[in-house]
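Visitor: Could you walk me through this one slowly? I am new to reading structures.

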Amino acid sequence: MVDFETVIKTRRSIRQYQDKEVEDEKIDKILHAAMQAPGSRLNAEPWEFLVIKNKDTLKKLGEIKPRVKGAPLAIILIANIERSFYKQSWQQDMSAAAENMLLEAVNLNLGGLWNGVAPFEDKMQDIANVIGINNENIKPFCIITLGYPAEGYENKFMDKYDESRIHYETY
């Protein structure tokens, strides 16, 4: 484990992975972190998660989202809209869960990549078809690929702070 400041400052989008399986214990910790995210009003947490290790399924998903193809593991974040308190803002809840997953991955010396799916209805439907969703209230939000970073693709500090984007009191 690394300290929180290091996790925040070194998280990067990792697009290349070693050919090494991610341990189930680490997957479990990442899923626990996801479910610790803030939910909308009354903790109406709309998230569900589908863990994909099967190479054939990863390949099919990679035809829709190319960066999935080379990953040893993908977790699809799925929104159950019926559970969402505010039916129009479920993507905010899902985003919080996704970010928690990516931060926990760094904490566990893994790399991760957020592969956006929502709000693109065609991509959402394509993913739904691959994973067997046939319900208009159940929607794929994104695919988080995870694995041990390939050499040269490690999480590392890159200062992105830009003071010109900060405003006080008025824009």
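Guide: Let us begin with a helix: the face of α5 turned away from its buried side carries the exposed residues Asp122 and Asn129. Here buried means under 20% relative accessible area, exposed means over 50%, and partly exposed is in between, using a 1.4 Å probe and protein chains only. Helices (H or I, at least four residues) and strands (E, at least two) are DSSP runs numbered from the N terminus. This is a predicted model, in which local features need pLDDT of at least 70 and side-chain atom pairs count only at pLDDT 80 or more, while totals for chains, interfaces and linings use all residues. Residues are numbered from 1 along each chain as its sequence is written, and side-chain values use heavy atoms, with hydrogens and water left out.

Visitor: Okay, and which residues of α5 are buried?

Guide: In α5, which spans residues 121-131, the buried ones are Met124, Ile127, Ala128 and Ile131. They lie on the same side of α5 because they cover an arc of only 105° around the axis, the arc being that of the directions from the helix axis to the C-beta atoms.

Visitor: What do the buried residues of α5 pack against?

Guide: They pack against β1 (47-52), α3 (55-64), β2 (73-80), α4 (90-107) and β4 (138-147), where contact means heavy atoms within 4.5 Å.

Visitor: Switching to β2, why is it called largely enclosed?

Guide: 8 of the 8 residues of β2 are buried, so the rest of the structure largely encloses this strand. Leu73, Ile75, Leu77 and Ala79 point one way from β2, whereas Ala74, Ile76, Ile78 and Asn80 point the other way.

Visitor: How many residues are in the largest nonpolar core?

Guide: The largest nonpolar core has 45 residues, and those with the most contacts inside it are Phe49 and Leu77. Such a core is a set of buried Ala, Val, Leu, Ile, Met, Phe, Trp, Tyr and Cys residues joined through side-chain atoms within 4.5 Å. The element that gives the most to this core is α4, with 8 residues.

Visitor: What is Phe49 in contact with?

Guide: Once its neighbours within four places in sequence are left aside, the contacts of Phe49 include Leu31, Ala34, Ile75, Leu77 and Met101.

Visitor: New topic: how many salt bridges does the count come to?

Guide: The count comes to 4 salt bridges, each being a side-chain nitrogen of Lys or Arg within 4 Å of a carboxyl oxygen of Asp or Glu. One of them joins Lys53 to Asp24, with the closest N and O atoms 2.5 Å apart. That pair links distant parts of the chain, since Lys53 is in the loop between β1 and α3 and Asp24 is in helix α2, 29 residues apart.

Visitor: Then what about Lys65, is it buried or exposed?

Guide: Lys65, in the loop between α3 and β2, is buried yet has no salt bridge, and the nearest side chain of opposite charge, Asp122, is 9.2 Å away. For charge, Lys and Arg count as positive and Asp and Glu as negative, while His and the chain ends are not counted. Apart from neighbours within four places in sequence, Lys65 is in contact with Asn115, Gly116 and Ile143.
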